[in-house]
Structures are given as C-alpha cells and as structure tokens.
Amino acid sequence: MAKVKNWKTIFPAISIPLNDDYSINEAELRPYVRWLASFDEIGGLVCNGHTGEITSLTRAERARVVEIVAEEVGDQMTIISGINCENTQESIEMAREAKEAGADGILLMPPHMWLRFGMNPAAPFEYVKDVADGADIDIIIHLYPATSKAFYPVETLIKMATEIEHVKSIKMGTRVTALYENNIRELRKHAPEVSLITCHDETLLTSMFPGMDGALIGFAGCIPELITEAWKAMKAGDFQKIRHYDDLIFPISKAIYGGGQPSGEAHARMKEALVQRGVFTSALMRKPVLPLDQEEKDWITQGLKGSTAGDVSAEVAKFKKEEALVK
C-alpha cells in the first residue's frame, strides 16, 4: 500500500546536532526526530532546511540526514528534504538523491542568484516544473519574502499549483501582512487543492489566523509542545487558548528572533535553546555562523523561563533507551 502523505500539518524544520569536529552527531539526531514525531499534531519533518544548515552541508551529508530521519520515523512521518541549488540540472539530481534516501517530497528553494539579480518572470514556473518532471517527486514551494527579488507573484503560484501535479503545498513566507492575506485568498479561490502553510516563526499565531493548513517552521523543532497545543487551539477557534499560547510562545520567540526573520544567528540561538532544554549537548554551528556570546545565551535562558519551556532531557532519554534496545 502506498504511503499516505500529509500536507496539512505541523512540519518542524529540524536542527542538526554536530560533534566537536563539525560532523553530524547521528546519535543525538536519531532520538531528537523520534521525540518530535511523538507529538500528535506533527505529521511531517523537514530536514535540510535553513534551520538544518543546508547551505553548510555537502550533498552527501544532505542525503545522509534524509536517510537517518527516514530510518527513524519514515514509517509514520511525511519526510521532506530542502533543495538549495543554483541550477536546474543539479537540483534534479539532488531531488533524486533525497528521494532515494527516503524523502517523500522536497522543499524547493529559489536559486539564490535571484535574490541579488532578480529573474525572468517565466523562470520560476519553468524551474519548478523541470525539477518536478525530472525527479518525479512531490514539492513544497518555498516562497521567499515579498521584499526580496526572489518572491513569486500570486499569479505564478496559482500557475504552479494548478499546472504542476507534483506541487502539493506552498510555504507562505510573504512577510508583508496585506499581501500575505490577499494571496492566501487568491490561492484558495483559484487553487483550492494546494496546502498553504505558514513559515512566519516570529509571528506564528498571527500568521496562522487566515485559515492556514499548518506550519513549516524551525521553531516547532524547539518548543513542539507549545506549538502543537497552539495549533489545536487555532483549529478549534478557541481564542482564549490562542492568546494563552501566544503569550507563552512570545518570550522565547523574542529571544531567538529578536523581532526579525529567521537567520543563521537565529538558528544558532535555537540550537542553544535545544542545548538548554537537554535535547542536544552542543550548540555548535558551522562557520561562517559564529558562536553565541554569553549575553545571547542569557537571552535564551530568560526566554525559555518566560515560556515555561523547561528541561526535557528525561523525555528525550526515553527515545535514546528505545534506540539502544533496537540496536
């Protein structure tokens, strides 16, 4: 029986624990993803996203991360791998590698040359279609902010969603509120089958309000218990609980994002939060992202305290014990 893929759910974009020599700490990655998969509102995991330091991983490492995640939770989760590449042919090759390693779909990012130089308006559709056809794999479109040169207009998104069968979801990273709400309404009208998921970690519950189908956020890999409960409240329309969880999420959101968008430094602060929560033993990031200073670590401590997101090492340890028994 073919695996049922879930495009309407919370997708944590996972962080990657590293050893002192900057290699992937597989022994910590495995229980981490199994812990995330234990939350009932999490139906998929995204590896090789920006939170997962995709730009610093080699192609072989990206495939290995997919393989590990698929080995651990591929039977119960929709496994997505980010694809970050500057040309179509290599994007197809990497998508095939992710598929062979166990990915159910890809998170397809725009070529980053578009961020600086812009693009031919027809290029995004051709790029997505070529990768979809070449790799024969389902796709989450990674929509970059409207303030960037790599932003896809809503007309392009509608064309992708209605003419490319493999396009299953759009990660709505618009980050301009009026345009965000307008484009959601246009997509609902013209492409009702496509899943629309927020990636606005820094304003999460606000961005869920226009009737989203879920979220694809690194934040869900850091405080999954708060985000999944907030999502339940949002789906139930329980505004008292929504405000309650918004108040709980805000302190650690402020500590990690500082009111801005996700970035390499924010991802480093998120990894520090995972260390302070007892999930990882090291917050090491690959350069050029630099280590946090003590003031930034203190921000995380206070943010976790304000969010009541405490130590979960005992909970994660259960999955380490299970893994030891399996192996």
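A residue is called buried when its relative accessible area is under 20%, and exposed when that value is over 50%. The model described here is predicted.

**Helix α7**

Helix α7 spans residues 177–190 and comprises 14 residues. From its first C-alpha to its last it reaches 20 Å, close to the 20 Å expected at 1.5 Å a residue. Tyr180, Asn183, Ile184 and Leu187 are the buried residues of this helix. Viewed down the axis of α7, these buried residues fall within an arc of 105°, so they line one face of the helix. Ala178, Arg185 and Lys189, on the other side of α7, are exposed. The cover over the buried residues of α7 includes α6 (154–163), β6 (167–172), β7 (195–198) and α8 (204–208).

**Aromatic contacts**

The model contains 6 aromatic pairs.

Tyr32 belongs to helix α1 (residues 26–37), while Phe280 lies in the loop between α11 (264–276) and α12 (294–307), so their pair ties together parts that are 248 residues apart in sequence. Tyr32 is buried, with a relative accessible area of 0%, and Phe280 is buried as well, at 2%. In the other tabulated pair, Trp35 counts as buried at 0% relative accessibility, and Phe39 counts as buried at 14%.

Elsewhere, ring pairs join Trp114, Tyr127 and Tyr152 into a cluster. A contact of another kind involves Lys159, whose charged end sits over the ring of Phe125, 4.5 Å from the ring centre.

Conventions: Residues are numbered from 1 along each chain as its sequence is written. This is a predicted model: local features need pLDDT of at least 70, side-chain atom pairs count only at pLDDT 80 or more; totals for chains, interfaces and linings use all residues. Side-chain values use heavy atoms; hydrogens and water are left out. Helices (H or I, at least four residues) and strands (E, at least two) are DSSP runs, numbered from the N terminus. The expected span of a helix is 1.5 Å times one less than its number of residues. Buried means under 20% relative accessible area, exposed over 50%, partly exposed in between (1.4 Å probe, protein chains only). The arc is that of the directions from the helix axis to the C-beta atoms. Contact means heavy atoms within 4.5 Å. Rings of Phe, Tyr and Trp (its six-membered ring) pair if their centres lie within 6.5 Å; planes under 30 degrees apart count as stacked, over 60 as edge-to-face and the rest as tilted. A charge sits over a ring if NZ of Lys or CZ of Arg is within 6 Å of the ring centre and within 35 degrees of the ring normal.
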